[in-house]
Amino acid sequence: MIDLFPLYLTLKVSIVATFFSVFIGLGLAWLMARKEFVGKGFLDALIMQPLVIPPTVLGYYLLVLLGRSSALGRVLEDVLGITLVFTWIGAVIAAFVASLPLFVRPARAAIEGVDKNLENAARLLGKNEWDVLKTITIPLAWRGIVAGSIMAFARATGEFGATLMVAGNIPGMTQTLSIAIYDAVQMGNTNMANLLVGIITLFSFLVIYFVSR
């Protein structure tokens with residue numbers, strides 16, 4: 001019998017992580033595309049780090065930052081009663097951090113492609129920055145924003161290394177689809193591994209297809 005929990009958890013984690021990637025990433029994309037400030041290059045490099053460092057290194061950084069031995073981890077657990085490590089929320093954080101640059105990059109490029117004269121014209125008509133963003137910038141940059149959202153969702157779905165470090169491999173609790181594939185291979189369950197690989201491969205193909213469209 002097929003255990004559908006890894007598929008359910010993967011979709012749950014990916015949807016929540018993509019929501020935060022879009023919500024936070026859109027602000028970062030706009031900031032990077034439209035503003036000049038001290039440390040912009042550093043912020044850009046920091047946002048893009050998950051694309052170049054090994055996922056296990058990313059997971060280690062998150063583990064050090066959020067673990068019970070860290071100051072932030074102790075405050076969250078002792079004061080607020082929130083435990084992030086080895087929970088599905090930890091998997092969301094890992095997927096969010098890993099997928100964020102894949103949203104920010106195309107969204108930033110799309111916003112940079114919007115004619116600034118249109119935005120300035122809206123400001124002259126009395127529109128504030130939020131109105132300009134929602135009525136001019138986002139509608140004209142929607143293709144890049146949608147493409148970034150899909151890419152972020154796909155990256156969150158396939159996240160493995162950072163998730164394994166932060167959330168662990170707890171069947172029925174934190175075992176995502178990618179980790180379930182790893183488990184199946186380790187146990188010599190080739191049929192299960194092939195089935196799960198087929199599911200995630202088909203999904204990845206559909207993602208690339210829709211992005212190209």
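Visitor: Is Arg155 buried, exposed or partly exposed?
Guide: This is a predicted model, so what I tell you is computed from it. Arg155 has a relative accessibility of 23%. Buried would need a value under 20% and exposed one over 50%, so Arg155 counts as partly exposed.

Visitor: Which residue forms a salt bridge with Arg155?
Guide: Side chains of opposite charge can pair when their charged atoms come close. For Arg155, the closest N and O atoms of the pair are 2.9 Å apart.

Visitor: How many salt bridges does the structure hold?
Guide: For the structure, the count is seven.

Visitor: How many residues apart are Glu119 and Arg34?
Guide: Glu119 sits in helix H6 (residues 116-124), while Arg34 belongs to helix H1 (residues 5-34), so the pair links distant parts of the chain. Glu119 counts as buried at 2% relative accessibility, and Arg34 does too, at 16%.

Visitor: Which residues are linked with Asp44 in a network of salt bridges?
Guide: Start with the pair Arg108 and Asp44, whose closest N and O atoms are 3.4 Å apart. Arg108 is in helix H5 (residues 88-112) and Asp44 in helix H2 (residues 40-52), so their bridge ties together parts 64 residues apart in sequence. Asp44 itself is partly exposed, at 26% relative accessibility. The residues networked with Asp44 are Arg108 and Glu112.

Visitor: Leaving aside its neighbours within four places in sequence, which residues is Val104 in contact with?
Guide: Val104 is one of the core members that touch the most others. Once its sequence neighbours within four places are set aside, Val104 is in contact with Gly25, Leu28, Ala29, Ile47 and Met48.

Visitor: How far apart are the end C-alpha atoms of helix H7?
Guide: Helix H7 (residues 129-140) has 12 residues, and at 1.5 Å a residue it should span 16 Å. The distance between its end C-alpha atoms agrees with that, at 15 Å.

Visitor: Which helices do the buried residues of H7 pack against?
Guide: The buried residues in question are Asp131, Val132, Leu133 and Thr137. At the N-terminal end of H7 there is a cap, Asn128, with a side-chain oxygen 3.2 Å from the backbone nitrogen of Trp130. As for packing, the buried residues of H7 meet H1, H5 and H6.

Visitor: Is Ser14 buried or exposed?
Guide: Ser14 lies in helix H1. Leaving out neighbours within four places in sequence, Ser14 is in contact with Phe153, Ala156 and Thr157. Its relative accessibility is 0%, and buried means under 20%. So Ser14 counts as buried.

Visitor: How far apart in space are Ser14 and Phe96?
Guide: In sequence, Ser14 and Phe96 are separated by 82 residues. In space, C-alpha to C-alpha, they are apart by 8.2 Å.

Visitor: Which residue's side chain is joined to that of Gln175 by a polar contact?
Guide: Gln175 is found in the loop between helix H9 (161-166) and helix H10 (177-186). Although it is in a loop, Gln175 counts as buried, at 7% relative accessibility. Beyond four places in sequence, its contacts include Phe5, Pro6 and Leu9. The polar contact is 2.8 Å and joins the side chain of Gln175 to that of Asp183.

Visitor: One last stop: what is the phi of Phe86?
Guide: Phe86 is in the loop between helix H4 (71-79) and H5. With a relative accessible area of 44%, Phe86 is partly exposed. Phe86 is not a glycine, yet its phi is positive, at about 60°.

Terms used
Residues are numbered from 1 along each chain as its sequence is written. This is a predicted model: local features need pLDDT of at least 70, side-chain atom pairs count only at pLDDT 80 or more; totals for chains, interfaces and linings use all residues. Side-chain values use heavy atoms; hydrogens and water are left out. Helices (H or I, at least four residues) and strands (E, at least two) are DSSP runs, numbered from the N terminus. Buried means under 20% relative accessible area, exposed over 50%, partly exposed in between (1.4 Å probe, protein chains only). A polar contact is a pair of N or O atoms within 3.5 Å; within protein, one must be able to donate a hydrogen and the other to accept it, and residues adjacent in sequence count only if both atoms are side-chain atoms. Contact means heavy atoms within 4.5 Å. A salt bridge is a side-chain nitrogen of Lys or Arg within 4 Å of a carboxyl oxygen of Asp or Glu. A nonpolar core is a set of buried Ala, Val, Leu, Ile, Met, Phe, Trp, Tyr and Cys residues joined through side-chain atoms within 4.5 Å. The expected span of a helix is 1.5 Å times one less than its number of residues.
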